[in-house]
Amino acid sequence: MSNIDIDAPGSNQLFIGNEAMARGALEAGVGWASAYPGTPSSEILSSLAEVAKKRDIYVEWSVNEKVAIEAGAAASFAGLRSLVAMKMNGLNVVIDFLSTIILSGIGKKGLVLMVGDDPAAHSSSNETDSRPVSKWLDIPLVEPGDFQEAKDMMPYLYDISEEFGTICILRSVTRVAHARGNIRLGEIPKVVHKARFEQYYDPAAPMPTPIMCIPSSFRHMFQHVRIDKIREKFETSPYNKYVGPEKPDLLIVTAGSGWLYSQDAVNALKAEDRIGILKLGTLWPLPEKLVKSCLSKADKVLFIEETDPFLEGVIMEFAAGFSPESKRNLFYGNHTRHLNSFGELTPDAVIKAITGVLDIKYQPRDAEYMKKVESVPQQYVMDRLLTFCPGCPHRASFWAIKDALAMDGRHGFVTGDIGCYTMALGPAGFFQTRTHQCMGAGAGLANGFGQLRRFGFDQPVVSVVGDSTFYHSIIPALVNGVHNHSDFTLVILDNGATAMTGFQPHPGTGLTAMGEPAQQISMENICRAIGARVEVCDPFDLKNTTRTMLDLIEQKEGARVAIMRRTCELVRQKKEEKPYKMKIDPEKCLGEDCGCNRLCTRVFRCPGLIWDPVAGKTKIDEVICNECGVCADICPEGAITKEAVA
Amino acid sequence: MVTKTKGMGELFKEVINKGLCTLCGACIGDCPYTVFYRGKIRMLDFCNREEGHCYEYCPRTHTDLDEISNKLLGVPFSGAGIGTVKDVFMARSRDSKVRSKAQYGGTVTTLLLLALENGLINAAITTKTSDEKLPESCVAHSAAEVMESAGSSYMAYPVLEAVNRIPKESKDRLGIVVTPCQAVALAKMRLNPPTQRNSLDNLRLSIGLFCTWALDYGRFYEFLKNNVDLAKVNKFDIPPPPANKFDVYMGQEIKSFPLDEVRNYRMATCAYCLDMTAEFTDISVGSVEGVEGWNTVIVRTQRGMDIIADAKKMGRLDIKDLPDQSLTHLKEAALNKRARAVQEIVKKTGDKNELMYIDISDNLKQKLLGQRVTVQGGH
Ligand SMILES: Cc1cc2nc3c(=O)[nH]c(=O)nc-3n(C[C@H](O)[C@H](O)[C@H](O)COP(=O)(O)OP(=O)(O)OC[C@H]3O[C@@H](n4cnc5c(N)ncnc54)[C@H](O)[C@@H]3O)c2cc1C
Ligand code: SF4
Ligand code: SF4
């Protein structure tokens with residue numbers, strides 16, 4: 001991770017997009033940052049956390065996005081510039097609060113919500129485009145087109161937020177957030193943060209009032225007035241620009257990642273003199289005058305956007321209101337199927353869209369060449385199964401869950417959740433997970449399934465969640481289950497880390513984002529206080545874990561909890577030596593015979609075990625194996641042995 | 001008839017999921033893919049093999065009765081109800097301690113004790129009743145452990161899993177007590193011994209129990225739990241006909257249930273079972289009609305003859321002739337079970353040539369199909 005704190009204004013530094021935004025926040029003088037981890041947004045908070053003490057700012061990993069934004073708003077109310085970061089899934093969680101803070105307005109100091117979208121859902125359950133929320137809820141939204149803008153837009157947005165008293169959104173996407181680029185640094189101001197809640201501050205109200213969203217209709221009207229004023233401001237924003245000839249054959253309208261792709265495409269087509277590009281940095285409210293003047297330059301307009309056709313919609317809607325004397329454009333984009341409204345943009349897709357509108361000849365490389373290109377990295381990268389790490393406790397947990405459900409025999413199933421253990425949809429977790437939605441949904445679904453006994457439903461239901469997810473959104477579902485007598489088993493895979501997003505601490509880990517010790521909030525105490533039966537087991541003790549699972553599954557009714565506790569292998573490695581020395585006795589290994597048929601490498605499939613097809617035996621891959629010892633208990637022949645390392 | 005050995009997938013498809021499993025235990029014990037849990041054989045994972053010992057040994061997959069009989073008894077499968085007989089008589093233990101703990105005359109327990117004592121075997125695989133009053137397998141190495149196994153649980157239990165668990169290298173000389181379906185599975189294991197586990201070369205004595213049907217482990221246990229105080233139970237009994245009842249002994253107190261009620265809990269698969277007297281064992285033992293405290297004993301092999309001779313010599317058993325009428329009734333009952341099973345199977349398959357797992361001569365098939373049967377059959 002780069003040092004975002006470096007004190008060298010005017011110098012160039014190589015930052016990933018998220019670090020650039022964090023640096024931008026420092027240059028904006030933020031005093032508060034809160035977030036819930038989620039790819040591609042996590043590094044913003046973690047890089048701020050590293051410099052928090054030195055810069056005397058407060059940084060926290062909040063229990064979930066809703067708390068993160070509400071806590072962040074309080075900082076703004078009390079006079080601190082405040083940054084809240086999350087991925088687009090988090091945005092959905094905070095919509096309720098957004099719908100009121102746009103009415104109440106913020107405090108004296110700016111409040112910026114950074115949302116990281118994940119087109120193509122590289123590390124997400126969905127690829128929702130966050131931009132429409134700006135129009136829907138009347139929230140100003142900007143989006144950087146390059147790394148420099150990712151940094152510079154932060155201070156810019158705080159100024160807007162404060163000038164107009166509203167929360168603002170900075171949206172970015174994976175390719176901006178995680179790619180690395182050069183940025184020119186600005187100065188980090190020396191701010192002495194001083195917090196105080198001025199009870200009677202409200203620019204919208206004719207008289208002193210609390211910060212509140214009522215009278216809502218009046219405030220709604222006021223927000224629209226506010227948005228119109230910001231629109232005026234955005235007309236001259238340095239982040240909107242037009243490049244190209246005065247009278248192009250085609251006008252591209254783009255934003256965000258589309259900006260670089262569009263420039264590349266025009267370059268590749270050598271069509272600089274035929275195509276103009278309007279790049280918007282301030283997407284909402286739409287700078288209408290600027291847009292209108294650019295539309296008048298060309299007959300044909302092509303929208304280049306990633307995922308949803310947001311600008312395409314709002315600009316066509318805007319153009320529909322032009323007077324009859326105005327220019328009538330021909331619009332192209334998603335609605336004419338020149339671009340997809342899903343997945344990521346690629347230079348090829350942009351070129352294809354352009355050549356579909358303008359008659360420019362473009363000879364793409366032939367398919368053979370593409371195949372060659374794709375095959376090059378394959379020579380160096382092993383084809384690997386999407387699975388848990390060697391020694392991961394989740395593999396053992398799902399083994400026990402699988403065995404218990406099979407032994408029970410009533411066709412029980414797992415409702416899944418969001419974390420590394422999502423992989424249990426596939427062979428990593430022996431295909432146990434049968435539903436996969438958003439964070440917390442597995443427990444909610446289990447609540448529902450567990451009520452269907454009265455309609456003849458007789459399958460056991462097991463909701464499997466991670467520890468971080470438990471604190472994030474499972475507790476209400478468990479309360480609901482106990483209160484309404486739902487019949488399900490909640491399994492919490494407690495590996496002491498938010499592993500999937502990069503080991504951020506959570507309320508169970510006893511550490512804060514700033515590295516300070518915190519009270520460890522006991523999940524078993526929470527569950528017991530709610531009234532659920534709780535069993536704690538070690539997933540590496542397969543026998544006992546399976547037995548515990550069976551006992552819980554067979555319980556006649558009620559919500560009950562199994563906590564499968566074992567430190568994440570990647571965390572353990574950093575602190576401890578390997579616990580065992582693993583060996584395989586080839587004499588005992590049955591291989592593909594009846595009585596085993598490669599249970600370890602065919603079903604259990606820890607990457608630490610490799611099948612040697614020549615010898616017809618399994619081997620330990622000593623480089624990869626983390627010597628957890630679990631496979632020794634899987635092998636029916638006792639061929640795999642573990643020897644404790646003294 | 002398809003005679004090919006298939007895999008675990010087919011075992012579940014053709015046998016277990018169809019409710020035909022007898023709970024013999026031949027498919028579990030050393031296979032990591034299958035387990036016994038609460039009365040059912042469950043698949044933990046799919047082993048993906050096209051052929052497996054589980055399918056091969058299962059008494060409800062293709063079974064060539066002539067082949068088995070030829071190899072184990074030296075004669076083709078007997079059409080007679082009680083199978084191949086070298087000797088038949090009634091017996092009981094001379095040891096009153098054994099008699100008081102045993103089901104009837106204690107012949108089974110006495111023979112096992114004797115075999116342990118004279119070194120014929122050094123381990124006996126039995127089914128004993130646990131403290132929860134559930135059957136469980138036991139590998140008895142001592143007289144005391146054999147004594148603990150005395151008495152019948154009428155719930156089926158997959159005792160052959162204990163056989164499968166015997167380490168490959170084990171040199172234990174084994175004795176075993178099995179029901180007729182378990183005897184068929186055991187016979188199939190002996191005919192085609194597995195290469196990966198104990199080959200059963202060291203099996204020295206097999207004792208079969210007469211069996212009309214066994215009770216469903218899961219369902220009948222529920223019934224018991226709801227109707228008697230299990231902690232007090234010390235014996236179950238189905239007295240020989242014409243008693244027609246199921247007795248639960250709780251110390252001095254006996255609670256009787258009409259056999260017709262208890263029959264509701266028998267395993268469906270027993271209706272398709274040809275064998276009442278465990279024909280593929282060295283010695284078969286049952287009750288004696290109308291005579292309390294004695295056993296009917298059928299000796300089938302030279303090994304069986306030898307141990308009986310020993311028992312006589314050492315004065316361990318009282319032995320008497322079986323009354324002619326009892327023998328006649330036993331033969332009738334056994335033949336009745338055979339014929340009824342074949343007729344039930346045809347009813348199920350809807351085809352006179354489709355006998356599911358059974359491979360017998362055409363002659364015998366015709367004979368059994370033509371036999372008049374009584375519906376219930378005693379126990
Ligand atoms: C399920 C079942 C049904 C039976 N049905 C009949 C019948 O219809 N007619 C008849 O005459 N006899 C039947 N018997 C046999 C009878 O109950 C006695 O077991 C037999 O007569 C031997 O008596 P014993 O006094 O020598 O027994 P014991 O000396 O008391 O020895 C009994 C032996 O039976 C074994 N055993 C106990 N429970 C089971 C079980 N569930 N599965 C396998 N082995 C077990 C024990 O290992 C023990 O070694 C049945 C037995 C069982 C288990
Ligand atoms: S010990 Fe076995 S299960 Fe554990 S990491 Fe090594 S190979 Fe994998
Ligand atoms: S009858 Fe025996 S071998 Fe066949 S499925 Fe049942 S337990 Fe397994």
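**Figure 1. R38(B) sits in the loop between β1 and β2 (40–43) of chain B.** The model shown here and in the other views is predicted. Take a look at the backbone of R38(B): phi is near 45°, a positive value in a residue other than glycine. R38(B) counts as exposed because its relative accessibility, 53%, is over the 50% cut-off.

**Figure 2. F431(A) is a residue of chain A with a positive phi, near 60°, although it is not a glycine.** You will find F431(A) in the loop that runs between β15 (413–415) and β16 (433–435) of chain A. With a relative accessibility of 46%, F431(A) counts as partly exposed.

**Figure 3. Two cis peptide bonds in chain A are shown together, T39(A) to P40(A) and I214(A) to P215(A).** For the bond from T39(A) to P40(A), omega is near 10°. P40(A) belongs to the loop between β2 (32–35) and α2 (42–55) of chain A. For the bond from I214(A) to P215(A), omega is near -5°. P215(A) has its place in the loop between β8 (180–184) and α8 (216–234) of chain A.

**Figure 4. Helix α9 of chain B, residues 217–227, has buried residues that line one face of the helix.** The buried residues are Y217(B), F220(B), Y221(B), F223(B) and L224(B). Seen down the axis of α9(B), they fall within an arc of 155°, and so they line one face. Their packing partners in chain B are the strands β1 (34–37), β6 (135–140), β9 (235–237), β10 (245–250) and β11 (253–258), along with helix α10 (259–263). At the N-terminal end of α9(B), look for the cap: a side-chain oxygen of D216(B) lies 3.1 Å from the backbone nitrogen of G218(B).

**Figure 5. E143(A) is a buried residue in the loop between β6 (141–142) and α6 (147–164) of chain A.** Its relative accessibility is 2%, so E143(A) counts as buried. The side chain of E143(A) makes a polar contact of 3.0 Å with the side chain of R171(A). Beyond four places in sequence, the residues in contact with E143(A) include R131(A), E149(A), M153(A), V173(A), S257(A) and L283(A).

**Figure 6. F488(A) lies in strand β18 of chain A, residues 488–494.** At 1% relative accessibility, F488(A) counts as buried. Leaving aside neighbours within four places in sequence, its contacts include A446(A), N447(A), V461(A), A477(A) and R560(A). For a sense of distance, the C-alpha atoms of F488(A) and C420(A) are 22 Å apart, and the two residues are separated by 68 residues along the chain.

**Figure 7. Residues of both chains meet where chain A contacts chain B.** Here 22 residues of chain A are in contact with 17 residues of chain B. The area buried between the two chains is about 1600 Å², and carbon and sulfur atoms give 51% of it. Keep an eye on M407(A), C594(A) and R602(A), which supply 34% of the area that chain A buries against chain B, more than any other three residues.

**Figure 8. The surroundings of ligand 2 and ligand 3 are shown.** Ligand 2 is surrounded by 13 residues, the closest being C606(A), C625(A), C628(A), G629(A) and C631(A). By class, this shell has eight nonpolar, four polar and one charged residues. Around ligand 3, the residues include V15(B), C21(B), C24(B), C27(B), I41(B), C58(B) and P59(B). The shell around ligand 3 has 10 nonpolar, two polar and no charged residues.

Key:
Residues numbered from 1 in each chain as written. Chains lettered and ligands numbered in written order. Predicted model: local features only at pLDDT ≥ 70, side-chain atom pairs only at ≥ 80, totals over all residues. Heavy atoms only, no water. Buried < 20%, exposed > 50% of the residue type's maximum accessible area, 1.4 Å probe, protein only. Helix = DSSP H or I, 4+ residues; strand = E, 2+ residues; numbered from the N terminus. Arc of directions from axis to C-beta. Contact = heavy atoms within 4.5 Å. Polar contact = N/O pair within 3.5 Å; in protein donor to acceptor, adjacent residues only side chain to side chain. Near = heavy atom within 4 Å. Nonpolar A, V, L, I, M, F, W, Y, C, P; charged D, E, K, R; others polar. Buried area = accessible area lost by both parts, 1.4 Å probe.
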